[in-house]
Amino acid sequence: MANRGFCFFEPLVPNSWCHVTNRKVLTMIVNMSDGATEQQIEHIIQRIREAGFQPHVTRGTERTIVAAVGSGGRRHEIEALSVAPGVDNVVAIAQPFKLVSRQTHPQPSVVVVGGKTTHGKTTGGVSIGGPEVVVIAGPCSVESREQLLETAQGVKRAGATMLRGGAYKPRTSPYEFQGLGIEALKILREARELTGLPVVTEVMSTEDLDLICEHADMLQVGARNMQNYALLRRLATAKKPILLKRGPSASVKEWLLAAEYLLSGGNDQVVLCERGIKTFETGMRNTFDLAAVALAKELSHLPVVADPSHGTGKQSLIGAVSRAAVAVGADGLIIEVHPCPERALSDGPQSLDLAQFERVMRGLSAPLRPVVAPLLA
Ligand code: PEP
Ligand code: MN
């Protein structure tokens, strides 16, 4: 991640998943003192390895934290590090999600989408989790070249900095439009070249992953696939950032554990997305769980974006829910936009046309973020 310049990240369980199923994964945090030297930090890293754990280093502006993660190591050796030179204290992480937890990484993470990385340094791209609220906009499905290019140019004009568009669609009915597949991927790529907007699209199956990676900048895990662990394990090895939607019936803990699959498998470029959950409410497609945005930010260092389109299913609510999400700390929004929602092949009732999207964007440019951001720090 951008603010994890020094973090080194070894997959916890790259090939041998069965390994961890019957052994409890432990995470202990070694908090270094303010004045800890490089040599003292290196010593702790070395000792963690010797004790049979994997070290995971986070260097904050003031102090460094070294997490010892893994199963089967010698816990008492880590506990004993509390008296090593340069160590302030050693604490155990009780939460089941370890690498995703704020305790392991107190500063919020920034995920860069579409940047270029050379020699470990990322330049360009869109930063999610920084001071700016990132707006990702575009159609639910890519339906044609004209439809996508018109939408991409329109949302860019209105201030969006990323483009969304489904190529492989998870539809409730097998008789509904399933997406244009590879043809849509090519159109998404053309739209990115035309506008410079990085592109996010959904991956439904491990089979499509390599192809999608050639065309997209960010991979969406749809709500229905949040607990598809085979998919998550494969995505953990992908060299692309992931937008992980919360499952419609998943608790926040389950959602963060799904993210833990990605981080523990080696991909720490993860953005969480709240998109509404199933409740007894019938007036909206889903119930947008505003507090879950704040809770996920509290429990985790990962950026969180809000999806008011699927969260409400109603055009008329997108503006209000977008502002509310930003007010509780969302790092971004993902909004469905279609040049003619009444003709959309999927999710028309919740899609904004370009004029409506522009109005929502104007509502967001009110001085909401500067007022709220200092309170959230
Ligand atoms: C989508 O983004 O169009 C989509 C299908 O989202 P979700 O997985 O949240 O239903
Ligand atoms: Mn949709």
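Analyst: Happy to! A residue is near a molecule if one of its heavy atoms lies within 4 Å of it. Please keep in mind that this is a predicted model.

With that cut-off, there are 13 residues around ligand 1, and those that come nearest are Arg 164, Lys 169, Ala 223, Lys 245 and Arg 275. What kinds of residue make up this shell? It divides into 7 charged, 3 polar and 3 nonpolar residues.

Let's go through some of the polar atoms facing the ligand. Arg 275, one of the nearest residues, has a side-chain N or O atom 2.7 Å from an oxygen atom of ligand 1. In His 310, a polar side-chain atom lies 3.1 Å from an oxygen atom of the ligand. For Arg 224, the distance between a side-chain N or O atom and an oxygen atom of ligand 1 is 3.3 Å. How much of the ligand does the protein bury? Ligand 1 taken alone exposes 300 Å², and the protein buries 98% of that.

Now let's step back to the protein that holds this site. It has 13 helices and 16 strands. Its radius of gyration is 21 Å, close to the 21 Å that the globule rule gives for 377 residues, so the protein is as compact as a globular protein of that length. The C-alpha trace spans about 65 × 45 × 45 Å along its principal axes.

Of the 377 residues, 54% count as buried. Among contacts with a separation of 6 or more, 69% are between residues 24 or more positions apart.

Asp 331 is in the loop between helix H11 (318–327) and strand S16 (332–336). Is Asp 331 buried or exposed? Its relative accessible area is 2%, and buried means under 20%, so Asp 331 is buried. The side chain of Asp 331 is joined to that of Lys 297 by a polar contact of 2.7 Å.

Arg 359, by contrast, is exposed, because its relative accessible area of 51% is over the 50% cut-off. You can find Arg 359 in helix H12, which covers residues 354–364. The C-alpha atom of Arg 359 is separated by 8.7 Å from that of Ala 158, although the two residues are 201 residues apart along the chain.

Conventions: Residues numbered from 1 in each chain as written. Chains lettered and ligands numbered in written order. Predicted model: local features only at pLDDT ≥ 70, side-chain atom pairs only at ≥ 80, totals over all residues. Heavy atoms only, no water. Polar contact = N/O pair within 3.5 Å; in protein donor to acceptor, adjacent residues only side chain to side chain. Areas by Shrake-Rupley, 256 points an atom, 1.4 Å probe, with all protein chains shown as cover. Nonpolar A, V, L, I, M, F, W, Y, C, P; charged D, E, K, R; others polar. Helix = DSSP H or I, 4+ residues; strand = E, 2+ residues; numbered from the N terminus. Rg over C-alpha atoms; globule rule 2.2 N^0.38 Å. Buried < 20%, exposed > 50% of the residue type's maximum accessible area, 1.4 Å probe, protein only. Contact = heavy atoms within 4.5 Å.
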